[in-house]
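Biologist: Hello! Could you walk me through how the strands are arranged here?

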Amino acid sequence: MDEHTLHQLGKVELHCHLDGSLSLEMIRKLAARINLTLPASDEALRQLVTAPPDATDLMDYLKPFDFIRPLLQTKEALSMAAYDVVAQAAAENVRYIEVRFAPILSMDEGLSAADTIQAVIDGLHRGMAQFDIIARALVCGMRQFPAASNDAMFKQAAPLLGHGLVGGDFAGNEADFPPAVLQTSIQKAQRLGIPLTLHAGECHCAENIYLALQFGIQRIGHATALTHEPKVIQAFVERGATAELCLTSNLQTRAATSLADFPYQALRAAEAKVTINTDNRTVSNTTLTREYWLFAQNFGVTIADLLQFNHDAVTAAFCTEAQKAVLHQRLDADYRPYL
Ligand SMILES: O=c1[nH]cnc2c1ncn2[C@H]1C[C@H](O)[C@@H](CO)O1
Ligand SMILES: [Zn+2]
C-alpha cells in the first residue's frame, strides 16, 4: 500500500474542525479582509497556525485557534472558510465530510448563532456544487463557555437540522469541564432532537467516555483514554458506539504519549467501530490521506480494514439513511479495484 493509493481511495470523515483546517491561502485571504498583516513566508505563517511541536497538553495545542478566531467573524468569511475545507477534502477523495465549528467563537462582531450556521452551510453547499462530495455541518458548544450561551446556541441551531446541519458536539477544555458538568446542556440539546457526538477521553480520563455513553451518546471524538480500560471498551462495544480516532492530534496534545498508548489496537481487538479523522488539518499539519498512511505504517491496517472503517463511518454519520445507502455503494465501488 502506498500513499498514492491511499490518496485515491474514497474516504469519509466525521471529525474535522473548520477553524483548525483552513488552508494557508484561505488564511491569507481572510486576513486581508480585516487588514491583518501576516508573515510573508508560508513557513512563518504555518508556525503561527500549527500546534507548537512541544505542546504539553490539549489547552496548549488549542492556542493557534486564538489566532484564527478574528478571521471568522462575518458571514462571508465563514462561508469562504467552509468552502475551503470542502475543497481540500474533495481533493483527497473524501466523499462525505461533517465539518464542525463553534458558532459562539464567531459571534464577536454581532452575528447570531443562526447567522454563523447558515453561513457555514452556504459555504458547504457552494463546495458541493463545485466538487464531488457531500458536506454537512456540526455545531460545537464550547465547554469553558457559560452553559446559557451553549444552550442558546443549540436552540438556534435546532431549526437548521436537515438543512445542512446534522448534529452537535462539545469541544474545548475537557479536563476542567468533563461530561458530568455538561450533563444538563447535553440533555437540553438532545431534547431539541440534535444528534450528538462528544469529545471525550482526550485528557486521560476514561470515565468521561463512560459517562458520555451513559448519556446516550454513540459517537465519541478521540476516545483516547480507552487504551488501558477494558471495562469501558466493553461498555463502548455493547452500546454500539463509534470512535472518531485522530492519531496525529492525540500525539500532539499528549492525549497519547506514544503509539502504544493510542487506543486503535485495543479497540480493534474488542471489535469496536473505529473511524480515521484529521481533527484539524492545519493545526495538526495533516491530511486524511496522511492519517491513513500512519495507520497503515504503524498498525498494519489493510485496504479491507480501511473499507470497513469507512462503512462504519457512514453508519455512524448523521446524514439521512438514503444518503448512507448511496455512500455505502459508492465506497464498495471505490475500493473494489484495490481489494
Ligand atoms: O481536539 C480537540 N479537542 C477539544 N477541542 C478542540 C479540539 N480541536 C479543536 N477544538 C476546539 C477549538 C476550536 O475553536 C473549536 C471549534 O472548532 O473546537
Ligand atoms: Zn476535535
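Modeller: Gladly, and terms come before details. Two strands pair if DSSP finds at least two bridges between them; strands are DSSP runs of E with at least two residues, helices are runs of H or I with at least four, and both are numbered from the N terminus. This is a predicted model, where local features need pLDDT of at least 70, side-chain atom pairs count only at pLDDT 80 or more, and totals for chains, interfaces and linings use all residues. Residues are numbered from 1 along each chain as its sequence is written, while chains are lettered from A and ligands numbered from 1 in the order in which they are written.

Biologist: Thanks! In β7, which residue is the bridge partner of Arg219?

Modeller: Strand β6 and strand β7 (residues 242-245) run parallel, joined by three bridges. Within β7, Arg219 has as its bridge partner Thr242.

Biologist: Through which helix does the chain cross from β6 to β7?

Modeller: This β-α-β crossover is right-handed, meaning that, with the strands pointing away from the viewer, the path from the first strand over the helix to the second runs clockwise. The helix on the way from β6 to β7 is α11 (residues 230-238).

Biologist: What order do the strands of the open sheet have?

Modeller: The edge strands, each pairing on one side only, are β1 (11-17) and β4 (165-171). Strand β3 (residues 134-142) pairs with β4 in the parallel sense over six bridges. With parallel pairing, the four-strand order is β1-β2-β3-β4.
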